[in-house]
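This briefing is intended for a reader with the coordinates at hand.

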Amino acid sequence: MIRTIAVIGAGTMGHGIAHTFSRHGYQVNLYEPFEAVRVAAPEKIRSELQFMVDEGYITSADLETGMSNITMYDDLEAAAKEADYVIEACPEKMQLKQELFAQLDKICKPTTVFATNTSSLKLSEMIAQLPPERQALCMVSHWYNPAYLIPIAELSKFGNMPEEVFQEVYELYVACEKQPVRVLKDITGMVANRILHAQARECFYLAEIGAASPEDIDKALKYGPCFRNATTGMLEVADMGGLDVWLAAEDNMFPALCNSDQACSAMRELVEAGHLGIKTGQGFFSYPEERQAQAQTEFYKRLIVQLKASKQYI
Ligand SMILES: NC(=O)c1ccc[n+]([C@@H]2O[C@H](COP(=O)([O-])OP(=O)(O)OC[C@H]3O[C@@H](n4cnc5c(N)ncnc54)[C@H](O)[C@@H]3O)[C@@H](O)[C@H]2O)c1
């Protein structure tokens, strides 16, 4: 039974993963080697939980539960030795993750499940040097950013893990109000990011050729495909419309769609000019300095609106 969870790395993803588990009653040991990140983490976590309280999503008692169930560690062994489930959210470097798992294999109990939050690295390569018994307890558990607001968690079910172990992890995520997705093949980007980037490629291309203004491309997405897809997935939408209709549309549309195997050149030009989005004040849109904090907060508020709405999906 999973009671104690070690989260490795308290960066963008790790701190949010940690307080999602802790808020739902799990004991979380959060390991972070870099002092500045480690010292800042509790305040960052508290402010995100407070935001959820202010937006009426959780109670002050939930906030206190979330805070009291997290312990920060600067020592990997102390953080991981009692853990039933370890999830790593350290930088996306194969060698670093391989070495980390090798270390954890020596530290952890034989029954501890190891998870990686990798976005793009192969699980099989990451765990190749581990003994077979441990490989059978390794998985990808892929969260979306911000981890505490986006419900999806993609869980690998690649056939290396006993069914009852997978099921226990699946239930852990359900208990934390996540919507776990079983990913059956070890493919780059798992499922959600493949869908995301297919859609993103077309949006960026439409911006590049000036098919519509950036505002209108985003408006088309929000009030068109994504409006429908928020409640009804793509495959079901196709069934509702009629597969004969979709077949004809795809035969007509596919030759016209962007099929570039490189990132969009409009985006490349922006990046080369130092326009990285909100963090530099300019991306597809402009973010004057005095509006940056507000724009960021509005983004998170919209995610809470959607998180609340998702509870009503039927
Ligand atoms: N940022 C995203 O949108 C996102 C989304 C999904 C998955 N991911 C994946 O999650 C993982 C973490 O990404 P992130 O964006 O949180 O990165 P990050 O750089 O924000 O955080 C990584 C943290 O790990 C710490 N760290 C560095 N070396 C370490 C070590 N040897 N052991 C333990 N911790 C170490 C760093 O100090 C840092 O705090 C990556 O694999 C990434 O691909 C990121």
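Among contacts in the protein between residues at least 6 apart in sequence, what percentage join residues at least 24 apart? The figure is 67%. The model under discussion is predicted.

**Overall fold**

- The protein contains 15 helices and eight strands.
- Its radius of gyration is 21 Å, close to the 20 Å that the globule rule gives for 314 residues, so the protein is as compact as a globular protein of that length.
- Along the principal axes, the C-alpha atoms occupy a box of roughly 55 × 45 × 45 Å.
- Buried residues make up 27% of the 314 residues of the protein.

**Domains**

- Two domains are assigned, with domain 1 spanning residues 4-183 and domain 2 spanning residues 193-310.
- Taken over C-alpha atoms, the centres of domain 1 and domain 2 are 29 Å apart.
- Contact between the domains involves six residues of domain 1 and eight residues of domain 2.
- On the side of domain 1 that touches domain 2, four residues are nonpolar, one is polar and one is charged.

**Nonpolar core**

- The largest nonpolar core comprises 53 residues.
- Within this core, the residues with the most contacts are Ile-5, Ala-6, Val-7, Ile-17, Ala-18, Tyr-85 and Val-86.
- Once neighbours within four places in sequence are left aside, Val-86 is in contact with Ala-6, Ile-8, Ala-80, Leu-104, Cys-108, Thr-112, Phe-114 and Ala-115.

**Ligand shell**

- The ligand is surrounded by 22 residues.
- Gly-9, Gly-11, Thr-12, Met-13 and Asn-145 are the closest of these residues to the ligand.
- By class, the shell around the ligand consists of twelve nonpolar, eight polar and two charged residues.

**Arg-46**

- Arg-46 lies in helix α2, which covers residues 35-54.
- Arg-46 counts as partly exposed because it has 16 C-beta neighbours inside 10 Å, whereas a buried residue would need 20 or more and an exposed one 12 or fewer.
- The C-alpha atom of Arg-46 is separated by 36 Å from that of Gly-224, and the two residues are 178 residues apart along the chain.

Methods:
Residues are numbered from 1 along each chain as its sequence is written. This is a predicted model: local features need pLDDT of at least 70, side-chain atom pairs count only at pLDDT 80 or more; totals for chains, interfaces and linings use all residues. A residue is near a molecule or strand if its C-beta atom, placed from the backbone, lies within 6 Å of it. Ala, Val, Leu, Ile, Met, Phe, Trp, Tyr, Cys and Pro count as nonpolar, Asp, Glu, Lys and Arg as charged, and the others, Gly among them, as polar. Domain bounds come from an automatic or database domain assignment. Two residues are in contact if their C-beta atoms, placed from the backbone, lie within 7 Å. A nonpolar core is a set of buried Ala, Val, Leu, Ile, Met, Phe, Trp, Tyr and Cys residues joined through C-beta atoms within 7 Å. Helices (H or I, at least four residues) and strands (E, at least two) are DSSP runs, numbered from the N terminus. The radius of gyration is taken over C-alpha atoms; the globule rule is 2.2 Å times the number of residues to the power 0.38.
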